[in-house]
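Take a look at the sequence and the structure below. This short report walks through several parts of the fold, one after another.

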Amino acid sequence: MRIKNHPILSFDGRETIPFYFNDKLYYGVEGDTIASALVANNVKALTSSLHLERPRGFYCAIGNCASCNMVVDGEPNVRTCITPLKKDMRVYRQKGRGRLHAKE
Amino acid sequence: MQKSEVVVVGAGPAGLTAAHELLKAGAEVTLIDRNASLGGQLIKQTHKFFGSEKQYAAHRGIDILERLTENLIPYERFHLLSETTVVGFYHDKVLTCLKDDRYFKLQADSVIFATGASEHSIPFENNDLPGVYAAGAVQTLMNEYGIKPGQRVLMVGSGNIGLIVSYQLMQAGVDVAAVLEASERIGGYLVHASKLRRLGVEIRTNMSIKSAIGEAHVEAAEAWRLDEDWQGIEGSEERYDVDTICIAVGLSPLTELLEQAGAEVEYISELGGNVPVLKDYETTIEGVYACGDLANIEEASSAMVEGRIAGIRAAQALDYTVENAEMRLKALDDELVDLRSGPPGDNVRRGLKKMEGLT
């Protein structure tokens, strides 16, 4: 859900960036973080809680709360709300603590 | 080990002005921020500031940020480390940092912390469901990235952040169902509250959130009335059909790095909770300073003034000559007194009195 009309700000003319979330193709735009691009695509659950595996979504936007930790290009616990989106990134919803060199 | 005479941690309003004062005095400054873009929370502040011309009143945060950043560029002794997270700080003024998956150490003679604050949450059923956001995070989503958090929002908290973000949600085309306020009085400036009321948004006092409803994400919210002891009243529940709940119930200073090095921290609720013990912006570790929301939760206007004072003090301690120092410090102090005058400044003034008692 991108803002179309705004009385003060303009978000026009930003280049499209393709990326993958859970192996499906999505598009973000220049200036997005991974998490902002996912929210824009209406993806709500980004990670899950450690014990009860409850869904967790975007919360603080400053890299502080761990509620958006995801697996990005094989690396777990990436703070996706402060990590700039790059072309062809492979992003996965994280389960639990995550493992180094994880395939998913 | 890499060295920098001064390291400023955090490139928000306080960090940017502190760095500027130090550079003006002739010091070498490395400014570190974990984000790609500078400005901290200024980057999303599309509303016009209050105060006097000196604090850029009538300008929007997003424009002020540009000016503050431009101030630093011409200095040869200015180094910028963005997308860099300071992960450790030791009493001998060694910082450990993480950039591009590389870990390195940095030795400083003087360190200014302007790390800001993080938003509180409050306990209620399902408060961890996706769709429950910190209000400031929603402001970032909208104003920095141009993204709506949802279609319809329930705002919890009527301090300035709750009021301003509600208004900005409406500007972005998102419906605000209501603003809930647990106390009997609206927390923020009335000028922000009346802008919202003119748009038909109800601000409901003595009300709070009882639960978020939904399985995978927020599908509705339940609010209820509070009694004099701030306990929910059974039977007073009201349902709001919203897909987003925003939490705007205050901020906590980010003191972790200072605490790692053993700087003293005290709980002063009026200043935002655990805050570093400061005398003239210097912590209990000599040559280590704190300013902005880290020192006490306030507005960006006062953070900019505090940054300047901390910068001047740090420059003087390093034996740099600051032109007209006494006059400037006096003028900056007066600006803070101005910004903290009147009922909205009651809390901070009380808190700072307590702080004075400690040092």
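How many of the residues of helix H3 in chain B are buried? The count is 9 of 9, for the helix that runs over residues 135–143. Keep in mind that this is a predicted model.

**A covered helix**

**Strand S1 of chain B and its partners**

S1(B) is joined by bridges to strand S6 (residues 102–113) of chain B, and the two run parallel. Within that pairing, B:Ser4 has B:Ala108 in S6(B) as its bridge partner. S1(B) is also joined to strand S2 (residues 29–32) of chain B, again in parallel. Here B:Val9 stands opposite B:Ile32 in S2(B). How does the chain get from S1(B) to S2(B)? The path goes through helix H1 (residues 13–25) of chain B, and this β-α-β crossover is right-handed.

**A sheet of three strands**

Further along chain B, 3 strands form an open sheet in the order S12-S13-S14. The pairing is antiparallel. Strand S12 (207–213) and strand S14 (238–240) of chain B are the edge strands, and each pairs on one side only. From one strand to the next, the twist averages 30°. Strand S13 (residues 220–225) of chain B is joined to S14(B) by 3 bridges. In this pair, B:Ala223 stands opposite B:Glu238.

| Strand pair in chain B | Bridges | Direction |
|---|---|---|
| S1(B) and S6(B) | 7 bridges | parallel |
| S1(B) and S2(B) | 4 bridges | parallel |
| S13(B) and S14(B) | 3 bridges | antiparallel |

**A proline in a loop**

Where is B:Pro74? B:Pro74 sits in the loop between helix H2 (61–72) and strand S3 (78–81) of chain B. Is B:Pro74 buried or exposed? Its relative accessible area is 65%, so B:Pro74 counts as exposed, since the cut-off for exposed is over 50%. B:Pro74 is 51 residues from B:Leu23 in sequence. In space, the two are 9.7 Å apart, C-alpha to C-alpha.

**Chain A as a whole**

Now turn to chain A. Its secondary structure comes to 1 helix and 7 strands. From the N terminus on, the order is β-β-α-β-β-β-β-β. Along its principal axes, the C-alpha trace spans about 45 × 25 × 20 Å. A compact globule with 104 residues would have a radius of gyration near 13 Å, so the 14 Å of chain A agrees with that.

How much of chain A is buried? Of its 104 residues, 51% count as buried. Chain A exposes about 5600 Å², and carbon and sulfur atoms supply 49% of that area. Contacts across the sequence can be counted too. Take contacts in chain A between residues at least 6 apart in sequence: 42% of them join residues at least 24 apart.

How values were computed: Residues numbered from 1 in each chain as written. Chains lettered and ligands numbered in written order. Predicted model: local features only at pLDDT ≥ 70, side-chain atom pairs only at ≥ 80, totals over all residues. Heavy atoms only, no water. Pairing = 2+ DSSP bridges. Right-handed = clockwise from strand over helix to strand, strands pointing away. Axes fitted to C-alpha atoms, helices over the stretch in contact; angles between N-to-C directions. Buried < 20%, exposed > 50% of the residue type's maximum accessible area, 1.4 Å probe, protein only. Rg over C-alpha atoms; globule rule 2.2 N^0.38 Å. Contact = heavy atoms within 4.5 Å. Areas by Shrake-Rupley, 256 points an atom, 1.4 Å probe, with all protein chains shown as cover.
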